[in-house]
Number of protein chains: 2
Amino acid sequence: MTTKELEDKLQARDIHPTAMRLLVLEYLIGQEEAISLSDLESHLTHSDRTTLYRTLKTFREHGLVHQIHDDSGNTKYALCRDDCTCSYPDDMHVHFYCSRCEKTYCFPHLTIPEMDLPDSFEPTYVNFVVTGTCPSCAS
Amino acid sequence: MTTKELEDKLQARDIHPTAMRLLVLEYLIGQEEAISLSDLESHLTHSDRTTLYRTLKTFREHGLVHQIHDDSGNTKYALCRDDCTCSYPDDMHVHFYCSRCEKTYCFPHLTIPEMDLPDSFEPTYVNFVVTGTCPSCAS
DNA sequence: AGCAGGCATGCAACAACAGTGCAAAGTTCA
DNA sequence: TGAACTTTGCACTGTTGTTGCATGCCTGCT
């Protein structure tokens, strides 16, 4: 993906494109799985942890990435699709956490069924993570 | 609930009943919501954090409590029902996390629908947390 | 009763992660 | 060029999860 395309992707979400943010976005696009802050940190070794943290925070606030809380206990991040609004029940999908390799996968095609919550519980977001063994670890 | 009944509850799960464990169990039974280690710690002020941590760990390993990872990022615990085996898809239910008061509720009556995972992804457990606003915070 | 072994508890310490404050550097725009 | 604002980097803090080790308690055997 060209720099121009990356810039457009940021601007579509009203995020001011900077060198740092382009690098982070490029890394996110290249990932199959959801990544943690540490993953990002060990990939972009010359950048500061705080900056990466704040970059992800900005991305999240502008709906470019979503957060996942899996059984590992720490936060992971994954790119949203272009038209995603990150709202329940339309734009939410299932995630899979492999307890062996500790990777977290997005399953965008598996949308989350609407649940019949008790009265006055107003949903805005859903964290749905199936834990188990992924194909690479099953063998 | 009498001490005897609490002891029985522990023994039914093959957990050696001690004073500490009875106190923790009693507290868990009295809670509407899932609790964090810190909650427990601030209730049982005279006990050590490590002991409480290991008590919850023991309870979890014996299927007496289950863990929930909500949007707050930290682990919460809640009692399982007597016949619960904590396995997907039968014994798993939906949780609700209120982003205002940060409480996490169990909805044992809302079981989790079986998802049609891609080939070779083997599920064992599910973490399903709906985030939003609870009745007390909605008004 | 006395003792040995095993489990539970408490203390200390550590690593990882999340988050904040502040100052320096970079960018934008007049 | 310079002022205002944004972004980045550094230093530091607090919390949580976790482990190691020493002590204490309970149990069962002699």
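Here is a short tour of this predicted model, with something to select at each stop.

**Stop 1: the two chains.** Turn chain B by 180 degrees, with a shift of 0.0 Å along the axis, and it lands on chain A with an RMSD of 0.1 Å. That's how a two-fold axis relates two copies. Both copies use the same surface, too: 100% of the contact residues of chain B turn up again in chain A.

**Stop 2: around DNA strand D.** Now show DNA strand D, which has 18 residues around it. Pick out the closest ones: A:Thr18, A:Met20, A:Thr50, A:Thr51 and B:Thr75. Which helix gives the largest share of this surface? Select helix 4 of chain A, which supplies four residues. Color the surface by residue class and you'll get 12 polar, three nonpolar and three charged residues.

**Stop 3: two helices in chain B.** Finally, select helix 2 (residues 19-30) and helix 4 of chain B. Their axes are 10 Å apart and cross at an angle of about 70 degrees, which makes the two helices roughly perpendicular. Show side chains for B:Met20, B:Arg21 and B:Val24 on helix 2, and for B:Thr51, B:Leu52 and B:Thr55 on helix 4; these make the contact. That contact has three nonpolar residues, two polar and one charged.

Notes:
Residues are numbered from 1 along each chain as its sequence is written. Chains are lettered from A and ligands numbered from 1 in the order in which they are written. This is a predicted model: local features need pLDDT of at least 70, side-chain atom pairs count only at pLDDT 80 or more; totals for chains, interfaces and linings use all residues. Copies are superposed by least squares on the C-alpha atoms of residues with pLDDT of at least 70 in both. Two residues are in contact if their C-beta atoms, placed from the backbone, lie within 7 Å. A residue is near a molecule or strand if its C-beta atom, placed from the backbone, lies within 6 Å of it. Ala, Val, Leu, Ile, Met, Phe, Trp, Tyr, Cys and Pro count as nonpolar, Asp, Glu, Lys and Arg as charged, and the others, Gly among them, as polar. Axes are lines fitted to C-alpha atoms, for helices over the stretch in contact, and angles run from 0 to 180 degrees between N-to-C directions. Angles under 35 degrees count as roughly parallel, over 145 as roughly antiparallel, 65 to 115 as roughly perpendicular and the rest as oblique.
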